[in-house]
Amino acid sequence: MVLAYDNWERLVRATLLREELRQIARQCSTASSISSEFPPGFHSFFLNFSKISKSFEYEQIQNATDSFADKHLIKCGFSGDLFRGKLDSSTSVVIKRIDLLLVSPYEYISELEFYSKVAHSGFVRLLGHCFEDEDIKFLVYEYVPNGDLSSFSFTKPNGNIGLKLWSWRTRMQIAIGTAKSLVYLHHECNPPLVHGDVQASSILLDDNYDVKLGSLSRACNEENTLLDRITRTYQEDSSYQEDTFSIGSWASGVSRFGKVLVELVTRKRGISTRSDVQSNAVPISSDILKLIYEEDASGRAIGSCESDVYCFGKVLLVLVTGKLGISAKSDVMAQDWLQVMLRHIDEDNKTSIIDPSLLISNVCEFDNLWAVAGLAKSCLDPVPSSRPQMKSVLKDLEDLNNLRTYHE
């Protein structure tokens, strides 16, 4: 279930978006045509792209990347391919190429919505865009010199992948910087924003190892998460009288699709096959909502502030253990590894967890590191409501760092 989740979540998002667009198309069938700069069908977003970032011509994008030569390819991400490029032969940038035949438009529209709301030094800056092509879109970002945290890797003699950052001071700086960015989203934005993809590859580092969070295509309002959309879709029946439904109507179809989603998440069969009277008599209960929230042990099943905290807990374990790759995985092997690590923390088994390659200057720093492991455990609580808030996590990290600095 955990391994398959990411795949069907993307399918769910795309399908829900398609149904929303069908409704919008009906409502706006008499409306005037939309500016070509807006992606087809997105009548309800009305984003002013010129205020979000600069518009580039396709020729500029092509020249910046030598026609997207392989040597400039940084990586292939789930929301698009990233290329390093140069504008005007001097300004280094990162360009994301988004193929709408492979990626849902929801991904880059979510990112643009994020940048329309957020201007903060803790996030990678969006410099520009190019939407000339109907099927291929481009986003242009600032270039962050040290790349992402996952790029600081090396292969150990035993074949394991380690973290090539030897100083605990630097790792604490990264933890605090990431926490500050998440605190901004969760506690300083109204409504709260969810990052939705907190992992080592989302944490970019500048020349001074200050953090800039990237990978923002899953960012959204907490109240606009997949759970809320499933719940709203499932309960669509309640806003209509029974005699207003016609077989094959849009509202009826979306409602039934919502019931299928609940079956997928809760593994409870029969919800989608109940009659309208039966299903309306049994709306989504708090128990089912609890199951939806907690079904995915990775904490990434439903976008929420609590799932961001869970994923941040995995990042803390990466910094403590030096084991890269774990923060990005939600498969059975990764979950087994997490359970072993948490058991070692419970048993105070420090030597089985702490990265032996770390340069630890004194006993206080060693104790400081172990306290961060305990903080990671609290973030990884299987019950979302029991996890600490990010502002509490940040305060604990800053207190620990101040104590570490005092004993240097």
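At 0% relative accessibility, Cys379 is classed as buried in this predicted model. Cys220 is buried as well, because its relative accessibility of 10% falls under the 20% cut-off. A search of the whole structure returned zero disulfides. Cys220 accordingly takes part in none, and the nearest cysteine sulfur, that of Cys305, lies 9.3 Å away. A disulfide would require the two sulfur atoms to be within 2.5 Å. Such a link is a covalent bond between the sulfur atoms of two cysteines.

Aromatic contacts were examined next. The count came to eight aromatic pairs. In one of them, the ring centres of Phe68 and Phe83 are 5.2 Å apart. Their planes meet at 70 degrees, so the pair is edge-to-face. Phe68 belongs to the loop between α3 (58-64) and β2 (73-77). Phe83 belongs to strand β3 (residues 80-87). The contact therefore ties together parts that are 15 residues apart in sequence. Phe68 is buried, with a relative accessible area of 11%. Phe83 is also buried, at 3% relative accessibility.

A further pair is formed by Phe114 and Phe123, whose ring centres are 5.4 Å apart. With planes at 65 degrees, this pair is edge-to-face. Both Phe114 and Phe123 are buried. Phe68 and Phe83 also belong to an aromatic cluster, together with Tyr58 and Phe138.

Arg97 lies over the face of Phe68, at 5.1 Å from the ring centre. The charged end of Arg84 is placed over the ring of Tyr143, 4.0 Å from its centre.

Most residues other than glycine have a negative phi, and most peptide bonds are trans. Ser67 is not a glycine, yet its phi is positive, at about 60 degrees. Ser67 is located in the loop between α3 and β2, the loop that also holds Phe68. With a relative accessible area of 46%, Ser67 is partly exposed.

Ser215 likewise has a positive phi, of about 55 degrees, without being a glycine. Its place is the loop between β11 (211-213) and β12 (220-221). Ser215 is partly exposed, at 30% relative accessibility. Finally, the peptide bond that joins Asn190 and Pro191 is cis, with omega about 0 degrees. Pro191 lies in the loop between α5 (168-188) and β9 (193-194).

How values were computed
Residues numbered from 1 in each chain as written. Predicted model: local features only at pLDDT ≥ 70, side-chain atom pairs only at ≥ 80, totals over all residues. Heavy atoms only, no water. Buried < 20%, exposed > 50% of the residue type's maximum accessible area, 1.4 Å probe, protein only. Phe/Tyr/Trp six-rings, centres within 6.5 Å; stacked < 30°, edge-to-face > 60°. Helix = DSSP H or I, 4+ residues; strand = E, 2+ residues; numbered from the N terminus. Lys NZ or Arg CZ within 6 Å of the ring centre and 35° of its normal.
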